[in-house]
Amino acid sequence: MANLKNTETKTKAQSMGMHTEVLTGRTQQKFFNPDEAENFYYFGTYDVDFNKRTELDVKDMTATDANKHIDKLMSQGYGTIVIKNPQGKHSLGVGILNKLNLIFEGSLGYFGMGSCDGPTVRINGRVGWSCAENLMAGKVVIEKNAGSCFGAAIRGGDLICKGSVGARTGIDMKGGTIIVGGDAGAFTGFMMQRGRIIILGNVGINLGDSMYDGTIFIGGKIGSFGSDAIEAELTSSDQDWLKRKLKVAEIGENFNVSKMTKIVAGKKLWNYDNLEPAEKKGAI
Amino acid sequence: MCGIAGLIHRGKSSNVGKELQGMLQALKHRGEDSTGYALYGDTDGKNFIMRLKVGENVGEGSSSVMEETSIYDERVKIVNAHILSMGAKIIKEERILPYSLRYEVSYKENDLREFSRKIESVPGVEILSMGKSLEVIKDLGNAKAVCDRYNLDKVVGTHGIGHGRMATESGVDIKSAHPFWGYPFSDVSVVHNGQLTNYWNNRRALENQGMRFMSECDSELIAVYIAQKMREGASLEEGMRDSLKGLDGVFTYFVATKDSLGMAKDTMAAKPLVLYESDDLVAMGSEEIAIRSILPQEIDTYDPYDGEVKVWQI
């Protein structure tokens, strides 16, 4: 298990009060260094202008062709792209490692916005299974409902669904935040390892089953707790964070967060870094 | 992985054959070893429609053993004799393919069990469906291929369910293809996506109660299980709700009767389903693109939750 100890050399982030400890063990933090700036850009990313806007009708395109077109438009400097007629196609918008404003005028099928790092996306429709799987950074907002495995294995970024989501939301998630305005199905937070899930409505059975770490906040009724999940005290700092997050997410800004239920991992796992609040670790 | 689709028009008929073909073809990447349709067409309701196979399709990747087509002719002769011996009258007989037939039969008895037993006592013969409205058509290949082979795009009716199969647990043949008829109930059909893990235990118990299995496909169990519950007096919806406890594994399945369409999802919600519901149409499929094939405009859809059962009437 990693230990927490004071840092000897302060980084800029730490001097601003954002970090007060450094991790040792298998998980290492790496801070941005201007001298190594080129290492922080992906090969093949583009300088785009958010004021340069275009539309792309994908009605008669395959998902591959549509994604290639998006890439081509970014290479031409377009920073705002509106996708017309997605019509439930699978795998649209995957693998975008760029800053980009991407707007879908319609619904997506499976694996929409998978493995992205950086774009800001608004989907004016519904999404199918595994939306934004492996999201690393950026913000994805879905205006309607989402299917199962919403935000599977995300590592960072904000994933927001204004409607309801299916089963296994946030399965295996390793960071980032998932926010759902409606209800969520069974096994929400299944095997989650890090990050935050906020559900304003009800959740199904086996909430947080086999979770390693991370935190889940539920506004409505809970079907049942899964193995290893346990209720924890909702602190004032939790409430402040929830208010801020819901405001940023443009969802439930007036929601009474003081009534929410907080769920954390109750089991202390052998050989697993303790990076999250540990108030209940070992309680089971 | 398989793809399932279903739709029901409420208060009107439509070209369900063509619509279901479009929905299933959109799902063909989920499996196209075989495709099946259970179509509820507009009929006068006087006679039974029986879909029958007297052999297997031995082409198109089939795992079946080739037989002489003359054997099919012999089987048809015996079947016709059996129909007459049961006091039924053949109103119309159509040989759609060498191994596939469609009958219109006048039969006054309501119990189809004895009738079916007699017909299926002929080796190699299987009743794919029997009912006043239901017709099950299934064969090897994708949705369009099967639709074209059987001229289904002209079928007009109120509702239907269909299945595109990726064969995993049993052979590539018609007997393992979906939909399954809810023997011995008139007009009951089932399609399933998933895997049942207590198939053999349930099958043995149901066979001991006199129910029949024609394949070794685990999905057939659902049709037989619900049919048995209905034999015991349960309604369709009660039988479906009971199946959530009695069937173990992962599943999303559809059941259709003469005037209704239902769906059920296992308690882990492990198998996908997207649903669209309006006052005059319910359409559902393993993926949204199935629904989009008949409703290309922007619509509101949702995923039913774990353990959910829904039934709609025409």
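Two residues are in contact if their C-beta atoms, placed from the backbone, lie within 7 Å. This is a predicted model, in which local features need pLDDT of at least 70, side-chain atom pairs count only at pLDDT 80 or more, and totals for chains, interfaces and linings use all residues. Residues are numbered from 1 along each chain as its sequence is written, and chains are lettered from A in the order in which they are written.

**Exercise 1.** Among contacts in chain A between residues at least 6 apart in sequence, find what share joins residues at least 24 apart.

*Solution.* Such pairs make up 29% of those contacts in chain A. Chain A holds three helices and 13 strands, where helices (H or I, at least four residues) and strands (E, at least two) are DSSP runs numbered from the N terminus.

**Exercise 2.** Work out which strands pair with β11(A).

*Solution.* Pairing requires at least two DSSP bridges between two strands. Step one: strand β10 (residues 194-199) of chain A runs parallel to β11(A), with four bridges; here A:Ile197 is partnered by A:Ile216. Step two: strand β13 (residues 261-265) of chain A is antiparallel to β11(A), also with four bridges; here A:Thr215 is partnered by A:Val264.

**Exercise 3.** Decide which residues on the two faces of β11(A) are buried.

*Solution.* Buried means 20 or more other C-beta atoms within 10 Å of the residue's own, with C-beta atoms placed from the backbone. In a regular strand, side chains alternate between the two faces of the sheet. In β11 (residues 215-218) of chain A, A:Thr215 and A:Phe217 lie on one side, A:Ile216 and A:Ile218 on the other, and all are buried.

Conventions. A residue is buried if 20 or more other C-beta atoms lie within 10 Å of its own, exposed if 12 or fewer, and partly exposed in between; C-beta atoms are placed from the backbone.
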